[in-house]
Amino acid sequence: MMKMTLTSSGLILAALGGAAFAQEEPELVINGEIPITTRAEAPASVEGALPEVISGWEFRSPETQSLEEDDFENPGMIFVDDARAQFDTAMGPDDQACSSCHDTPEDLAGARAVYPKWDEEHGEVQTLEMQVNECLTERMSTDAWEYTSNDMTNMMALLASVSRGMPVNVAIDGPAQSTWEQGKDIYYTRYGQLELACANCHEDNYGNMLRADHLSQGQINGFPAYRLKNAQLNSVHDRFKGCIRDTRAETFEPGSPEFIALELYVASRGNGLSVEGPSVRN
Amino acid sequence: MTHLTRLLAGVALSLSTTAHAADAPAPSDVTYDEYGAVDASLTGEPGDPAEGAKILADRSLGNCVTCHQVSDLADVPFQGEVGPALDGVADRWTEADLRGIVANAKQTFPGTIMPAFYKSDGYIRPGDAFTGAAAEGPLDPLLSAQQIEDVVAYLMTLKES
């Protein structure tokens, strides 16, 4: 009887929703000790385009959300362990490991939060992947990792995990500004035969269902993301590629100047959210 | 033998599609009025509402339910909410309006997120369907002229009053 009244009258539902059924904002705390900011005041980079910025975590089901609350439940952490082993593995002609110079991954805490960032020496915006490849090729005299290879994406998961809880804070002014502008242009360009821009889905329609998908703001603070759908760790540029492909467009390549610029721009839209990777998504 | 029959059926099919295509205006030749409506049928033949319903639901065709809810298609799971529900759409729009909206909604709603289904050029980085690779040569519109008419015929059945 009660149930019938509730479901048949939206009015009553709405009234109750305000009081008895008021939903607590879900709060993400990892391992009971790392609080994650999943909603933040809109940063300057979004210039009134969004009222607030929201992590993709908020748009997932309670079951998927809970997988991220405990590292033992988070399948992405398996790849973090792989990268920890890699971090101590000697590579190249001089038998150097990452740990030869950086001691522990924790020494690199904070890096994830500020990349992509301008690199003075190379005179370009560098992603964290490019920085790692710089260490591999210029400091260890060995081969670069493929941009979205397992080695690279696992290392991204490790570097994200040691920065979890820190606010994303990429710089968009100074020498990085023109790259940021380029990324912004890409974000608002309607690609492909479906003529859809990132903004059409992630700015104009976040919170809405697109067929079976609950659209988020398309933030990257949670990357790399372990996706239940393909049961693997997914890099930022692979996600960009998938989203552009879904507009029936010719995509850009991971590691391309276009995706580097887009990454800087999208990262800046999440300034203020916590680094959350490796996240769990569907 | 079976092979040959199939082959022949295939030929017959493609011949008849070509015949239709020849009659239908090219996407760039369709005339929209100032409100975005298209008066004349694209094929001169009536659309088939049953086919139209399939096109709305099918991921590889119109996939309209990605964005729109349609109560009449209640058995199709996961209907989206990016666009308005299409219930009663024939009460709100004329057949010519609906033809224009389905063929190129941007003529009716400037800047809309809704893709143009009868358009074949003017894209930025057009792809080869959902492969992510560049399109090879000219693209077909997302729906054929007859499919547009089928969709319009179906939408005309969505009346509430």
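Pro278(A) lies in the loop that joins α12 to β11 (279-281) of chain A; here helices (H or I, at least four residues) and strands (E, at least two) are DSSP runs, numbered from the N terminus. The peptide bond that leads from Gly277(A) into Pro278(A) is cis, with omega near -5°. A cis bond is also found from Tyr115(A) to Pro116(A), with omega near 0°. Pro116(A) sits in the loop between α6 (111-114) and β5 (117-119) of chain A. Glu47(A), in the loop between β3 (39-41) and β4 (52-54) of chain A, has a positive phi of about 40° although it is not a glycine. Most residues other than glycine have a negative phi, and most peptide bonds are trans.

The model is a predicted one, in which local features need pLDDT of at least 70 and side-chain atom pairs count only at pLDDT 80 or more, while totals for chains, interfaces and linings use all residues. Residues are numbered from 1 along each chain as its sequence is written, chains are lettered from A and ligands numbered from 1 in the order in which they are written, and side-chain values use heavy atoms, with hydrogens and water left out.

## Annotated domains

UniProt, in an unreviewed entry, assigns "domain: Cytochrome c" to residues 83-168 of chain A. UniProt positions are given in the numbering used here, feature names are shortened, and annotations may be inferred rather than shown by experiment. Over residues 83-168 of chain A, the chain is 44% helix and 7% strand, and the end C-alpha atoms are 22 Å apart.

For chain B, an unreviewed UniProt entry lists "domain: Cytochrome c" at residues 47-159. That stretch of chain B is 30% helix and 0% strand, with its end C-alpha atoms 17 Å apart.

An unreviewed UniProt entry places a "binding site" feature at Cys98(A), Cys101(A), His102(A) and Cys135(A). These residues are spread over 38 residues of sequence but cluster in space, the largest C-alpha distance being 10.8 Å. Cys98(A) belongs to helix α5 (residues 98-102) of chain A.

The feature "binding site" (unreviewed entry) is also placed by UniProt at Cys198(A), Cys201(A), His202(A) and Cys243(A). They span 46 residues in sequence, yet no two of their C-alpha atoms are more than 10.7 Å apart, so they gather at one spot. Cys198(A) is part of helix α10 (residues 198-202) of chain A.

## Helix contacts around α8

The axes of helix α4 (residues 77-87) of chain A and α8(A) come within 8 Å and cross at roughly 100°. Axes are lines fitted to C-alpha atoms, for helices over the stretch in contact, and angles run from 0 to 180 degrees between N-to-C directions. α4(A) and α8(A) are therefore roughly perpendicular to each other (angles under 35 degrees count as roughly parallel, over 145 as roughly antiparallel, 65 to 115 as roughly perpendicular and the rest as oblique). Residues that make the contact (heavy atoms within 4.5 Å) include Phe79(A), Val80(A) and Phe87(A) of α4(A), and Met155(A) and Leu158(A) of α8(A). The contact of α4(A) with α8(A) divides into 8 nonpolar, 3 polar and 3 charged residues. In this scheme Ala, Val, Leu, Ile, Met, Phe, Trp, Tyr, Cys and Pro count as nonpolar, Asp, Glu, Lys and Arg as charged, and the others, Gly among them, as polar.

Helix α7 (residues 128-139) of chain A also meets α8(A): their axes come within 10 Å and cross at roughly 110°, and the two helices are therefore roughly perpendicular to each other. Leu128(A), Glu129(A), Val132(A) and Asn133(A) of α7(A) touch Met152(A), Met155(A), Met156(A) and Leu159(A) of α8(A). By class, this contact has 6 nonpolar, 1 polar and 1 charged residues.

## Helices α9 and α12

The axes of α9 (residues 177-187) and α12 (residues 257-269) of chain A come within 7 Å and cross at roughly 90°, and α9(A) and α12(A) are therefore roughly perpendicular to each other. The contact of α9(A) with α12(A) has 9 nonpolar, 4 polar and 3 charged residues. Among them are Trp180(A), Ile186(A) and Tyr187(A) in α9(A), and Leu262(A), Tyr265(A) and Arg269(A) in α12(A).

On a 1 Å grid over the protein atoms alone, a cavity is a set of points where a 1.4 Å probe fits but cannot get out, and lining residues have an atom within 4 Å of a point. The largest cavity has a volume of about 180 Å³, a volume being the space filled by probe spheres set on the points, with grid points joined across faces, edges and corners. Of the 19 residues that line the largest cavity, Arg112(A), Ile220(A), Asn221(A), Phe223(A) and Val236(A) are the closest to its centre.

By class, the lining of the largest cavity has 11 nonpolar, 5 polar and 3 charged residues. α8 (150-161) and α12 of chain A each supply at least two residues of this lining, and α12(A) gives the most, with 3 residues.

Terms used: 1 Å grid on protein atoms, 1.4 Å probe; cavity = no way out; pocket = protein on both sides within 12 Å on 5 of 7 lines; lining within 4 Å.
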